[in-house]
Structures are given as C-alpha cells and as structure tokens.
Amino acid sequence: MSRAEGGGAVSARRGLAPGDEERPRAFALLGSQLAVLFRRRRTWAMLGALALVPVLIAVAVRVTDAGTPGDGPAFLSSIADNGLFVAFTALSVSVPLFLPLTLSVVAGDTIAGEASLGTLRYLLIAPASRVRVLAVTYAGVVAFALAATLAVVLAGVGIGAVLFPIRDVTLLSGDTVDAGGFVLRTLLLVGYTSLSLLGLGAIGLFASTLTTVPVGAMAATVVLAAAGQIADALPQLAWLHPWLFSHYWLGFGDLLREPIAWGSYASDALLQLAYVAVFGALAYGRFTTKDVLS
Amino acid sequence: MSAVGTTGGEPAIRTDGLSKAFGSQRAVDGIDLVVPRGAVFGFLGPNGSGKTTTIRMLLGLVSATAGTIRVLGEPMPSRTRTVLPRVGALVEGPAFYPFLSGRANLTRLDAADRCSSGRTRAARVDAALERVGLTAAAGKRVHAYSLGMKQRLGIANALLRPRELLVLDEPTNGLDPQGTREVRALVRSLADEGATVFVSSHLLSEIEQVCSHAGVMSAGRLVAQGTLKELRRAGRPRVVVRTPDVAAARTVLAALGLELLEETREQAASALLADGTAPEDVTSALVAAGARVRGLAVEGSTLEERFVELTGEGFDVAR
C-alpha cells in the first residue's frame with residue numbers, strides 16, 4: 001500500500017494550492033477509518049458480547065463444581081484450579097461461532113456499507129483511490145479481529161483473576177511456567193487467533209465489493225465461515241482440509257507446550273496470507289473496475 | 001483564491017461523444033459537452049434524462065462506454081488524482097455517516113484526500129460549515145439533521161478547499177425557499193471568486209437567475225447548449241398582438257417582413273419575431289397604421305418555454 005501511495009503523492013501534489021503544501025498524510029484516512037469503526041455503537045456492542053463469553057464461563061464454573069475433566073470445551077476443567085485458563089477456554093468457545101460472526105459483520109460492511117450509506121462516492125471523489133479505500137477498510141477489519149480477540153482474552157484474564165486462584169501453570173507438555181510466562185503465551189494466543197481470522201476477513205471484503213446491501217455480504221461471509229468448519233469436520237473431505245481457512249482455528253493448544261510448537265502458527269500464517277492474497281486480488285479486480293452507482 | 005483559474009484556456013469540462021449504456025439502455029448517448037472556464041453552467045433536464053450518470057462519469061465514479069472526458073484540462077478518469085482535489089462535488093444528494101456529527105463527517109471526507117493538509121483541516125472544516133450556516137449544528141449527529149441540513153452539509157463538503165470547479169447535482173433539493181435563495185447566492189459568490197460552477201437541476205427556474213450558460217439533456221442526449229442568450233435566440237420568439245383589428249394588424253406584421261403564424265386565440269395576431277425587428281418597432285408601426293392595440297407580448301423567448309419545447313412537458317419520466 002505504502003509504495004503505491006508514495007507514487008501517487010508526487011503527481012498529486014501538483015494539484016495543490018500554494019498554501020496547502022505539506023507532506024502528504026498517508027495515514028489520515030486509516031486513522032479516520034478506525035475512528036469511524038470504534039465510534040460506532042454496533043462495534044462496542046459486539047465487543048461487549050464477546051467479553052461476556054469468558055464472564056459467563058467463569059461464573060458458571062464458580063457457582064457449580066468443576067465438572068469432570070474431559071467434559072465440555074477445551075481447558076474447562078482446568079479453570080477452577082487456575083484462573084489463567086479462563087481466557088483459553090473462552091477463546092476455544094468463541095472461535096467457531098462468535099468471533100467469525102462478529103468479524104463477518106465488520107468485513108461484510110466494509111465496501112457495501114459505505115456504498116449503502118452513499119459515502120463511498122464521496123470518499124472516491126475526495127479523492128481517495130479505490131485501492132486505498134480497499135486497503136484502509138481491510139485494515140479496519142484487521143483492527144477489529146485484534147480488538148475482538150483482545151476483548152475475549154482480557155475479559156477472561158480479568159474475571160479469572162477475580163474468581164479463581166492464579167498460580168504457576170502446568171502446560172500440556174507437563175512443564176510448568178509462572179504467570180509471567182503464561183501472559184506471554186496469552187499474547188501469542190491473541191496474535192494467533194487474530195491472524196486466523198484474516199482469511200475470513202478477506203473473503204468478507206470480497207463479498208462486500210459484490211453488493212450494495214451490507215447484510216447480504218455479512219450473511220454470505222457467515223455462511224462461508226460455517227461451511228468451512230462443516231467441511232473441515234467431514235473426514236470424506238480430508239484432502240480439502242489443509243486448504244480450508246478454518247483448518248487451524250483451534251490449533252492454539254500448541255502454544256501450551258514447552259518449547260512452543262510453532263508448526264500450526266506457521267502453517268496458519270501461510271494459509272491466511274494465501275487467502276488474503278487471493279481474495280484481496282479478487283476484491284481489487286472487482287472494486288477497481290466497478291461502476292459506483294450508489 | 002489562489003487555486004482558481006490558473007490552468008490555461010481549455011474548457012473546465014469537455015466531453016466528446018460521451019456515452020454510457022447499462023445493458024441495452026443508453027443512459028447517456030454521445031454527448032459533446034463544453035463548459036467554459038468561469039461559467040456558471042446550468043445542466044438541465046427532466047428526471048431520468050442522464051444528468052447524474054453524466055456527472056458520475058465526469059468524476060470517475062462510472063466508466064464511459066464510449067467517448068472521452070477532459071476536466072480542468074486533463075483526461076478523466078486517468079488523472080483522477082490530480083483533477084479531483086481541484087473539484088468540489090455534490091452528487092445525487094448528500095450522504096453521511098449518521099452516527100457521526102456533521103463536523104466529524106467533513107473531517108473524515110477531508111482526510112480521505114491524501115494531499116489535503118491535516119494542519120489546516122479543523123479550520124477549513126469550520127469555515128465550510130460557517131459558509132453554509134451549519135456552525136450551530138456542527139456537533140450534532142447527522143442522524144438528527146433534516147434533509148435541508150444534510151444538503152447544506154453536502155455543499156460544505158464541496159467547499160472544504162478552494163476549488164477550480166464545483167459540480168453541484170440538484171443542490172436545492174430539499175431546501176426551503178430561503179435555503180434555495182442562499183444556494184443561489186452561494187453559487188454567485190463562488191463564480192465571483194473565479195470558480196467554474198456546473199449545476200444540474202430539473203427545475204429551470206431554480207437556477208436560471210444565476211447561470212451564464214446552460215445545457216439541456218433529454219433522453220440521454222444533449223439537445224442544446226450555449227450561453228443563455230444563444231439558447232433564448234434559438235427559441236424563435238413570437239410577437240403576439242392583442243387587437244380588435246386583426247386583419248389590419250396582420251397586414252402590418254406582414255409589411256414589416258415578419259412571418260405570420262396561425263393564431264387560435266380571438267382578437268389576436270402573431271408572427272415570428274425576426275432578429276432585426278424590435279417589439280417597439282412593431283408597436284409604432286401598428287399605431288401608425290391605425291390598428292388599435294390592446295396588448296403586445298413576446299412569447300417563446302423565456303428559457304422556461306425553450307426548456308419545455310426541448311424536453312417535452314408533463315410528469316412522465318423520460319424512460
């Protein structure tokens with residue numbers, strides 16, 4: 001993005017009035033995009049709902065007994081013993097549904113939402129180049145993926161610390177790390193989960209360039225998120241599994257080994273990058289040639 | 001204003017054979033538009049005649065099926081980045097984020113242009129709001145704005161920077177008579193500052209008083225364009241004499257070399273008014289010939305009549 005913008009800046013400067021001379025501000029629109037995203041009540045409602053997931057889990061575990069190990073979502077049985085596990089449990093519950101759902105709302109809204117408000121035409125004649133609008137709205141999706149994951153994890157760590165003891169953690173590999181080491185792993189977890197959502201975000205961005213009805217793009221993205229996971233659960237489609245954007249979504253258990261197994265982190269990153277490249281290119285191809293009639 | 005009118009003698013807008021087809025429907029059909037620098041150009045036509053599609057093509061929002069466009073001397077849409085910062089536009093009604101304030105909306109749209117100055121942004125936004133009389137409502141969410149207020153905000157957006165060309169699509173839509181007058185005054189003051197103003201409307205009367213030039217669209221074609229004077233002249237005005245002495249009056253009109261017309265009204269005679277003949281000459285000739293004159297009027301010379309003649313009358317959308 002920055003290279004393409006740098007090239008445009010030189011030629012664009014000729015159109016300026018003398019009093020307007022200033023270094024072009026490549027990130028002004030990005031800042032504005034994030035402000036629009038996070039000034040919306042809808043965004044905060046979704047983040048709040050996500051933050052409720054760990055609270056609900058922690059309270060449920062606190063007021064009942066811990067249950068049998070092996071029942072319920074991953075890490076659930078460890079919570080009563082150590083509050084640090086609330087965040088992990090909440091994420092493994094949120095990853096299949098709540099995170100993709102909320103991300104689909106934001107990703108499907110990108111271009112289609114601007115188009116339905118009519119603000120897209122005013123952004124384009126401001127002028128913001130179409131590539132720039134695409135890149136900046138996708139950056140908003142990335143920011144939301146990070147914020148959504150953080151909402152779950154921070155609420156999880158907070159409620160875990162309040163309701164349960166915090167102590168050194170025994171990892172899946174049998175080694176023990178202290179709370180500080182565990183926080184580091186939790187940060188890696190935030191990175192992993194946000195990264196995992198980027199492919200879906202790119203699919204949503206592409207869907208959003210196809211329509212001026214944001215709800216349509218959102219629904220299409222949610223349906224694909226569900227279909228991806230269903231396909232991933234069918235053994236008959238085993239050949240397809242490594243190519244599904246949702247394949248590594250629950251692979252973050254590897255972060256709880258000593259040493260950390262980076263295999264799924266790397267595979268996931270590569271896969272998500274491929275999705276971003278492919279659907280980013282499709283979105284680019286569609287959006288840069290499209291007649292903006294809204 | 002320093003940015004205004006500095007780039008030579010090429011027209012502010014020039015299109016050659018500009019066309020746009022949506023499927024089999026030709027929304028814009030080979031128009032050759034010429035908007036001279038410094039003009040206030042009224043772009044007229046009934047709803048559905050292709051005005052907005054043309055404006056979208058001028059601004060690079062819609063690609064042309066055929067033809068070329070030059071705006072401020074540069075080809076569009078290939079030079080969008082250098083042309084559009086010099087163009088302020090209101091396209092097919094205002095559009096804003098309802099959950100942001102008026103000021104926040106303008107700030108965002110200004111930030112979208114990567115070569116607009118962040119240092120002066122707040123001051124320019126406030127100046128634009130002031131200019132359209134929205135200072136008091138600047139902090140309110142657009143959600144709470146009336147249509148007229150949104151329209152004003154849309155115009156403020158076009159005025160965020162000094163512009164060489166303003167494209168205003170139906171700028172008086174939704175405004176009360178007072179607001180309409182204010183828009184007219186605004187257009188005039190922009191023109192006085194040297195900007196070219198391209199203003200579209202389906203109501204001639206809204207803009208007739210401020211335009212120096214006009215173009216008339218009908219069913220996707222540009223059926224007339226030029227200065228208002230040229231357009232009026234093309235309308236072939238008629239002189240209509242109200243008199244009890246119809247035969248005498250017709251004789252006088254014929255003697256003046258005017259082409260007589262069939263007249264259905266009683267006690268009236270009419271003829272096409274030739275270029276060299278002034279209405280007062282007709283009056284004195286009639287009086288000299290002893291024809292009693294109750295009234296004498298020149299018809300078909302107002303733009304309104306010319307407009308109706310070109311586009312047809314009535315409420316039917318063209319297509």
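Residues are classed as buried under 20% relative accessible area, as exposed over 50% and as partly exposed in between (1.4 Å probe, protein chains only). The structure is a predicted model, in which local features need pLDDT of at least 70 and side-chain atom pairs count only at pLDDT 80 or more, whereas totals for chains, interfaces and linings use all residues. Residues are numbered from 1 along each chain as its sequence is written, chains are lettered from A and ligands numbered from 1 in the order in which they are written, and side-chain values use heavy atoms, with hydrogens and water left out.

Chain A comprises 11 helices and two strands, where helices (H or I, at least four residues) and strands (E, at least two) are DSSP runs numbered from the N terminus. Of its 294 residues, 49% count as buried. In helix H2 (residues 28-38) of chain A, the buried residues are Ala28(A), Leu29(A), Ser32(A), Gln33(A), Val36(A) and Leu37(A). These buried residues of H2(A) pack against helix H3 (41-63), H5, helix H6 (119-124) and helix H7 (130-163) of chain A, and also against helix H3 (102-112) and helix H4 (121-131) of chain B; contact denotes heavy atoms within 4.5 Å. Leu101(A) is located in helix H5 (residues 98-117) of chain A and is partly exposed, with a relative accessible area of 37%.

For chain B, the domain assignment gives domain 1 (13-233) and domain 2 (236-299), with bounds taken from an automatic or database domain assignment. The centres of the two domains of chain B, taken over C-alpha atoms, are separated by 44 Å.

Over all chains, 22 salt bridges are counted, each being a side-chain nitrogen of Lys or Arg within 4 Å of a carboxyl oxygen of Asp or Glu. One of them joins the side chains of Asp29(B) and Arg221(B) (3.1 Å, N to O). This pair links distant parts of the chain, with Asp29(B) in strand S2 (residues 25-31) and Arg221(B) in strand S11 (residues 221-227) of chain B, 192 residues apart. Asp29(B) is buried at 18% relative accessible area, whereas Arg221(B) is partly exposed at 45%.

A further salt bridge is formed by Asp113(B) and Arg161(B), whose closest N and O atoms are 2.2 Å apart. Asp113(B) lies in the loop between H3 and H4 of chain B, and Arg161(B) in the loop between helix H5 (147-158) and strand S8 (165-169) of chain B. Both partners are buried, Asp113(B) at 4% relative accessibility and Arg161(B) at 6%.
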